[in-house]
Amino acid sequence: MTWTPHATVAVIVEDDHGRFLLVEELSHGQVVLNQPAGHVEEGERILDAAQRETLEETGWEVVPEHFLGVYTYKAPANGVTYYRFCFSARALGRVTDELDDGIIAAHWLTPGEIRSQADKLRSPLVMQCIEDYRNGRRFPLDVIVEPQT
């Protein structure tokens with residue numbers, strides 16, 4: 001068997017009230033909470049993937065502001081290793097009510113509300129990324145070097 005890691009993006013979006021944008025989605029038959037997140041498509045720039053996934057999963061248009069880091073996770077459900085490029089972004093506005101298949105709803109939740117539903121988080125990275133963001137982790141976007149399109 002060939003090891004094939006998956007490149008994904010995740011986006012932390014905080015509103016003016018200290019709430020974070022999360023998606024409620026179906027994953028392996030379970031309802032879970034996650035940041036707006038998904039796979040980077042072939043030929044797609046990582047920052048473009050972050051904006052696209054957020055829009056498709058929440059209906060919100062965002063502008064990435066900082067890079068939080070690369071997080072590695074091996075999912076116990078399928079044994080796949082994911083490399084998660086996590087960004088923080090500023091919400092510009094909700095531009096559509098249409099959401100990706102498998103997405104039930106988008107929610108703005110406080111850290112306490114998220115922690116109280118820890119058993120519903122898609123992975124431990126959901127809370128870890130929020131805590132890293134809240135603890136001031138920020139890197140400039142230019143640490144991601146990609147060809148200009």
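With a relative accessible area of 58%, H28 is exposed (buried means under 20%, exposed over 50% and partly exposed in between, with a 1.4 Å probe and protein chains only). The model is a predicted one, in which local features need pLDDT of at least 70 and side-chain atom pairs count only at pLDDT 80 or more, while totals for chains, interfaces and linings use all residues. Residues are numbered from 1 along each chain as its sequence is written, and side-chain values use heavy atoms, with hydrogens and water left out.

H28 is found in the loop between strand 2 (20-27) and strand 3; strands (E, at least two residues) are DSSP runs numbered from the N terminus. Most residues other than glycine have a negative phi. The phi of H28, however, is positive, near 55°.

Strand 3 (residues 30-34) holds V31, which is partly exposed, with a relative accessible area of 34%. Together with L26 and I104, V31 forms a nonpolar patch on the surface, with about 250 Å² of accessible area in total. Such patches are made of residues with over 30% relative accessible area and no salt bridge, nonpolar side chains (Val, Leu, Ile, Met, Phe, Trp, Tyr) being joined within 5 Å and like charges within 9 Å. Here a salt bridge is a side-chain nitrogen of Lys or Arg within 4 Å of a carboxyl oxygen of Asp or Glu, and areas come from the Shrake-Rupley method with a 1.4 Å probe, only the protein chains shown counting as cover for residues.

Strand 1 (residues 6-13) is largely enclosed by the rest of the structure, because six of its eight residues are buried. Strand 1 runs parallel to strand 6 (residues 81-94), and eight bridges join the two (strands pair if DSSP finds at least two bridges between them). Within this pairing, I12 has S88 as its bridge partner. Strand 1 also runs antiparallel to strand 4 (residues 37-39), through three bridges, and T8 stands opposite H39 there.

Turning to the aromatic side chains, the structure holds three aromatic pairs (ring centres within 6.5 Å, using the six-membered ring of Trp; planes under 30 degrees apart are stacked, over 60 edge-to-face and the rest tilted). The rings of W60 and W108 are edge-to-face, because their centres are 5.3 Å apart and their planes stand at 85°. W60 belongs to strand 5 (residues 60-74) and W108 to strand 7 (residues 103-109), so this pair ties together parts 48 residues apart in sequence. F67 and F87 also have ring centres 5.3 Å apart, but with planes at 55°, so the pair is tilted. This pair links F67 in strand 5 with F87 in strand 6, 20 residues apart, and both F67 and F87 are buried.

Key: Helix = DSSP H or I, 4+ residues; strand = E, 2+ residues; numbered from the N terminus.
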